Amino acid sequence: MTWLRGKDPDLAATRRAGRTALVMPALFALCHEVLHSPTMASYAAFGSFSMLLLVDYSGPMVERLRAQAALAVAWLVLICLGTLVAPWLWLSVAATVVVGFAVLFAGVVSSVLAGSSTALLLAFVLPVTAPVPLSQLPARLAGAGLAGAVALPAVALLWPRPVADLLSVPAAAVCRAAAGYLRIRADLPGPDGAGSDAERCRAGAEHTARTGADLRGAFDATTCRPTGLSATSRALVRLVDQLTWLCAVLVDRSDYTAEPPACDPAAHTVRRAAAHVLEAACDLLTDLGGDTGPLRTRESTLRAALASMEHSSTVQVPAEQPGGTSTAEVYGFIATLDVSFRAQELGFAVLQIAENVDTAATAWQRSWPERLLGLEPGALTAPLAAARERAVAHLQPDSVWLHNSLRGAVGLGIAVFLAGVTGVGHSFWVLLGTLSVLRSNALSTGQNAVRAVLGTVGGSVVGAVLLHLLGHHGTALWFVLPVAILCAGIAPAAISFAAGQAAFTVTLVVLFNVGQDPNWHIALLRVQDIVLGCLVSVLVAVFFWPRGARGAVHKALAEAYDASARYLGHAVDYAFGHRTPTDPDPQGRVAAAAARRLDDAFRNYLAERGAKPLSLSCATTLVTGVVGLRLAADAVVSLWQGEDLARVQAVRADAHRAVLGSAALVTGWYHDFAASLGDGTAGPDAVPLRPEGAARLVESVRTELSDGQGRATPVAVRIIWTDDHVDAARRLQPALSEAARAQARSQHRRVRKAQPGPTAAPGPGTASSPHGSER
């Protein structure tokens with residue numbers, strides 16, 4: 001059992017296999033021996049196999065049962081469609097391509113649909129490869145309907161899966177760690193403290209960074225984005241980017257001063273209030289059914305603390321001082337708002353996190369009628385609108401998900417055509433072979449094809465030997481069938497893909513011979529079908545985007561940085577009244593869509609076998625940089641929302657020209673950086689500090705943006721904070737530039753190794769970058 005738990009964490013595969021081993025033989029026996037309907041028996045067996053072994057929904061039991069019921073209904077619809085088009089080969093091929101694409105592409109909308117794709121395709125593959133008179137359709141529907149009806153109580157009663165969420169626990173850990181770090185920072189005597197205080201601060205920062213990395217790792221570990229269309233799931237998945245950004249904010253420092261003065265004690269009040277909010281968020285993430293009242297109360301306290309800090313910062317900014325114009329004096333003036341800006345940036349991030357946690361908990365606590373009627377919490381759009389937005393984001397030529405969906409659909413269509421032309425028996429094996437080995441790149445498909453063929457050969461031999469030993473005692477196969485199903489469910493997780501293929505082959509051999517005179521020849525005939533399906537997969541993989549995500553991830557990075565930089569530029573324009581309040585929204589949606597495509601490409605990149613041309617640390621740095629850039633733009637928009645008068649005043653100030661100039665340089669760098677990622681060249685050098693722009697900003701604050709008493713106005717504070725948000729985006733550049741250069745060096749070395757003849761010795765600055773390990 002210890003060995004099995006090591007191979008199958010939480011016994012997830014064992015749970016599914018044990019449940020299926022009980023239900024599938026029972027349904028097959030009922031239909032075959034009692035009702036005497038071989039057609040009904042086959043569809044009941046394959047239906048229970050799909051609905052119990054191939055899917056394992058998470059979340060509350062109500063949501064699981066709803067997903068199981070929807071899967072059963074989809075099975076009935078697909079069986080009808082497959083039976084209707086099966087008699088005509090050309091129509092079967094066309095329908096397979098359309099249905100295959102629709103099922104595979106629908107996975108981008110929800111992880112529930114993505115996890116159901118194989119089960120759904122099996123519902124169509126079975127009837128479309130076996131033309132029969134329409135008179136047999138009722139028997140097919142009865143078998144599948146019986147499997148769906150039994151699957152519901154089986155999921156609820158037979159070793160039900162514990163209620164758990166992939167993201168809740170690591171997200172709660174980040175909130176807890178960040179709250180502890182904020183308390184340490186708020187209690188320090190100075191910006192960084194000294195002695196043991198500084199050590200506690202560093203330890204808290206490291207712990208927060210580790211928990212943030214653990215959350216990001218859990219989020220990236222799945223082959224599809226772990227979010228469904230439920231309100232709770234959509235709210236929780238937003239937390240990943242926000243908590244990633246929060247961890248970056250907590251450890252970020254300005255590079256113009258090592259010791260920014262603590263100009264405002266109210267900043268420490270904001271930190272303590274933010275820690276209170278994060279602690280309440282942690283409690284709710286741990287128990288989404290808990291009381292949301294404490295979180296909302298602490299949110300109100302944090303908002304009040306932020307408003308108080310903005311007022312006190314405005315009063316304390318020394319705008320009346322003439323000051324000098326040297327670089328040190330200019331940045332010394334700006335540094336008076338640095339601690340307050342850090343607190344403002346932090347407060348904005350924490351409030352965003354709290355709103356999503358509140359939404360997730362509120363959605364979780366909805367009554368069954370509210371869930372049934374689709375009543376959504378106010379912060380989220382309706383599920384259909386969210387689904388449409390996600391789907392549209394991937395209807396782009398460079399979307400990896402679109403590539404995989406088209407590749408799979410074409411492969412299945414070719415398999416149906418070849419199965420119909422060659423007239424092989426049990427031709428659905430050809431489609432099963434195609435579907436099981438087709439992956440995102442040609443190399444992975446070829447490797448899986450070899451494993452599938454070897455596994456099928458091994459399973460066929462074992463099945464043939466088993467049938468030969470049993471002779472005419474076919475009844476004994478009833479006792480073998482549950483064991484074969486159990487092995488078929490556990491072997492892929494506990495041993496290997498090839499072992500799972502072998503066990504599945506044995507299961508089907510037993511299923512086709514149970515209760516009859518065993519025919520061991522049928523076991524060996526299935527090898528040719530699987531080989532044909534594997535050849536189709538390899539052919540399609542070679543001609544349809546053979547490089548897979550490895551070739552698309554750099555282009556997705558380039559698009560995401562370009563879109564996010566454009567969003568930041570539009571956000572700054574909006575801040576200074578150059579755009580209407582709705583202007584940044586379309587750019588924000590474009591940036592979010594590009595980020596989704598990058599997320600999908602990065603997941604596929606991590607899941608692909610073989611050496612990675614870019615180390616995991618460098619790839620993660622580049623991906624999370626997009627998050628920081630996009631959320632910095634969100635922060636600018638939030639800072640100026642509802643301040644129409646302030647924007648009008650800012651237009652009359654010279655300060656906005658300085659900020660716009662800085663923003664143009666920073667966003668221009670990101671556009672150039674995106675272009676370098678796209679063509680594989682080294683990125684540009686990071687934008688340095690610009691004392692002349694800072695001097696213009698300070699001079700404007702001291703003259704144009706001060707009131708009659710010589711004090712800075714709220715507009716001045718917000719302008720400086722806007723410039724700080726732009727500067728935060730600039731400070732991301734050195735790490736991103738280094739990661740891109742490490743990528744370029746790694747690619748250069750790989751090209752040189754691939755070239756024939758002697759290779760030159762590596763020159764200076766070509767330190768090795770470790771390759772990512774096989775996932």
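Modeller: At 27% relative accessibility, Glu559 counts as partly exposed. Here buried means under 20% relative accessible area, exposed means over 50%, and partly exposed is in between (1.4 Å probe, protein chains only). The model is predicted, so local features need pLDDT of at least 70 and side-chain atom pairs pLDDT 80 or more, while totals for chains, interfaces and linings use all residues. Residues are numbered from 1 along each chain as its sequence is written, and side-chain values use heavy atoms, without hydrogens or water.

Which residue does Glu559 meet in a salt bridge? The partner is Arg597, at 3.8 Å from N to O. Glu559 sits in helix H23 and Arg597 in helix H24 (residues 584-607), so the bridge ties together parts 38 residues apart in sequence. A salt bridge needs a side-chain nitrogen of Lys or Arg within 4 Å of a carboxyl oxygen of Asp or Glu. Helices are DSSP runs (H or I, at least four residues), as strands are (E, at least two), numbered from the N terminus. Arg597 counts as buried, because its relative accessibility is 12%.

Rings of Phe, Tyr and Trp (its six-membered ring) pair if their centres lie within 6.5 Å; planes under 30 degrees apart are stacked, over 60 edge-to-face, and the rest tilted. By this rule there are eight aromatic pairs. In one of them, the rings of Phe49 and Phe504 have centres 5.5 Å apart and planes at 40 degrees, so they are tilted. Phe49 is in helix H3 (residues 38-53) and Phe504 in helix H21 (residues 497-513), 455 residues apart. Both Phe49 and Phe504 are buried.

Tyr561 and Tyr670 have ring centres 6.0 Å apart and planes at 10 degrees, so this pair is stacked. Tyr561 lies in helix H23 (residues 549-575) and Tyr670 in helix H27 (residues 655-679), so the pair ties together parts 109 residues apart in sequence. Tyr561 and Tyr670 are both buried.

Now follow the chain past helix H27. Arg741 and Asp685 form a salt bridge between their side chains, at 2.4 Å from N to O. Arg741 is in helix H30 (residues 733-754) and Asp685 in the loop between H27 and helix H28 (691-703), so the bridge ties together parts 56 residues apart in sequence. Arg741 is partly exposed, with a relative accessible area of 27%. Asp685 is exposed, at 57%.

How many salt bridges does the structure hold? There are twelve. Another of them joins Glu279 and Arg183, with the closest N and O atoms 2.8 Å apart. Glu279 is in helix H11 (residues 266-286) and Arg183 in helix H8 (residues 168-187), so parts 96 residues apart in sequence are tied together. Glu279 is partly exposed at 27% relative accessibility. Arg183 is partly exposed too, with 29% relative accessible area.

Last, step back to the whole. The protein chain has 30 helices and zero strands. Of its 775 residues, 55% count as buried. Contact means heavy atoms within 4.5 Å. Among contacts between residues at least 6 apart in sequence, 82% join residues at least 24 apart.
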